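Here is a briefing on the fold. Look over the sequence and the structure first, then read the notes by topic.

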Amino acid sequence: MLEWLRGGRPHTRGAIAHGALTRVRGGAALPARGLEYAVLDVETTGLDPAQGARVCEVAVVRMRGDGTVLREFSTLVDPGAPIAGREFHGIADGDVAGAPRAGALARELAGLFSDAVVVGHNLDFEAAFLTGELVPEGLPEGVPGLCTLRALRSQLDLDRYSLPRASLALNGHWPSGQHTALGDARACARILAEMLATAPGELYYTGPAPRELEVESRTNGGPVRLKSRTPAKGPLPMATVWPRRWRPQELPTELCGGAFTGSDREAALKAARERGLRREAIAGAAALAGAAAAAGAARTLMRALR
């Protein structure tokens, strides 16, 4: 994804139904290491699909929660218009000659997303382009998703949360292949796998459960011919230890989007403290109620034994 687009405004989320990572077990939360993930990145010709920006490269790393890579997929995409932003992603008009249009990839992406959680670093951005270009061609809506940008902000205290800055701070490596869709997808996959492996306790995924996806592509024609500019690599190099940056209390994920300025951080920290106090009060009340019930049962038993 183009780093210069990271601070853009939120977009429609029709293609993706966002979930979150949490250290709090409860409800329908699923152990995150037991899931499979489709880590997605796109390079585009601009910021907003509503203003004519289009996908010019897409990549997916399908992996297990332990970091095992099951498949890597990438292709350049013909946006059907002149390509802007070449100084960032390095893609020229001639590079996409013979590449598929985005709509032709609906079936392929549905297969990669099936029974998985779709992951992206600032997933709102990818979701907007999926909604604008792939959903009209048959990609199912409401695919379960996870934003690693929000997850990192919620769980760890870092100075910067961009993908390269977070990678350098946490595993000591500056990602290779930046501003290529597959390079950025690999970096995002590594961050997620390391997060699940090094968390201080189990992490749970809260959100729509992964489901099998079926799609009949609405684009006519034969098999799609892909055109990748990045060769597949295979296993992810993973750090087994991260610096001690985990927050004592996780921040509410819904407050960890946008620019996440100083005032945004303070608001999220305040909400986390208030949420913690409420949980303590509820736990205390439950303990008192349990003690009172036990005392009542003991009095009843004593009376029965007299």
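A helix crossing is left-handed if the near helix is turned anticlockwise from the far one by less than a right angle, and right-handed if clockwise. Helices (H or I, at least four residues) and strands (E, at least two) are DSSP runs, numbered from the N terminus. This is a predicted model: local features need pLDDT of at least 70, side-chain atom pairs count only at pLDDT 80 or more, and totals for chains, interfaces and linings use all residues. Residues are numbered from 1 along each chain as its sequence is written, and side-chain values use heavy atoms, with hydrogens and water left out.

**Helix 5 and helix 6**

- Helix 5 (residues 163–171) passes helix 6 (residues 181–198) in a left-handed crossing.
- Their axes come within 10 Å and cross at roughly 40 degrees. Axes are lines fitted to C-alpha atoms, for helices over the stretch in contact, and angles run from 0 to 180 degrees between N-to-C directions.
- The two helices are therefore oblique to each other. Angles under 35 degrees count as roughly parallel, over 145 as roughly antiparallel, 65 to 115 as roughly perpendicular and the rest as oblique.
- Helix 5 contributes Leu163, Ala166, Ser167, Leu170 and Asn171 to the contact (heavy atoms within 4.5 Å). Helix 6 contributes Asp184, Ala187, Cys188, Arg190, Ile191 and Glu194.
- These contact residues divide into six nonpolar, two polar and three charged. Ala, Val, Leu, Ile, Met, Phe, Trp, Tyr, Cys and Pro count as nonpolar, Asp, Glu, Lys and Arg as charged, and the others, Gly among them, as polar.

- Six strands form an open sheet in the order 1-8-7-4-5-6, with mixed pairing. Two strands pair if DSSP finds at least two bridges between them.
- Strand 1 (16–18) and strand 6 are the edge strands, and each pairs on one side only.
- On average, neighbouring strands of this sheet are turned by 30 degrees against each other, direction ignored.
- Helix 2 (residues 106–113) packs on the sheet and touches strand 4, strand 5, strand 6, strand 7 and strand 8. The direction of helix 2 makes about 25 degrees with that of strand 5.
- Helix 6 lies across strand 4, strand 5, strand 6, strand 7 and strand 8, at about 30 degrees to strand 5.

**Strand 5 and its partners**

- Nine of the 10 residues of strand 5 (residues 55–64) are buried, so the rest of the structure largely encloses this strand. Buried means under 20% relative accessible area, exposed over 50%, partly exposed in between (1.4 Å probe, protein chains only).
- Strand 5 runs antiparallel to strand 4 (residues 36–44), joined by nine bridges. Glutamate 36 has arginine 64 as its bridge partner in strand 5.
- Strand 5 also runs antiparallel to strand 6 (residues 69–76), joined by seven bridges. In strand 6, phenylalanine 73 is the bridge partner of valine 60, and threonine 75 is that of valine 58.
- The hairpin of strand 5 and strand 6 has four residues between the strands, and glycine 67 there takes a positive phi near 95 degrees.

**Helix 4**

- Eight of the eight residues of helix 4 (residues 148–155) are buried, so this helix is largely enclosed by the rest of the structure.
- Its buried residues include Arg150 and Arg153.
- Their cover includes strand 2, helix 3 (123–134), helix 5 and helix 6.

**Alanine 232**

- Alanine 232 lies in the loop between strand 9 and helix 7 (262–305).
- At 60% relative accessibility, alanine 232 counts as exposed.
- Not counting residues up to four places away in sequence, alanine 232 touches Glu72 and Arg186.
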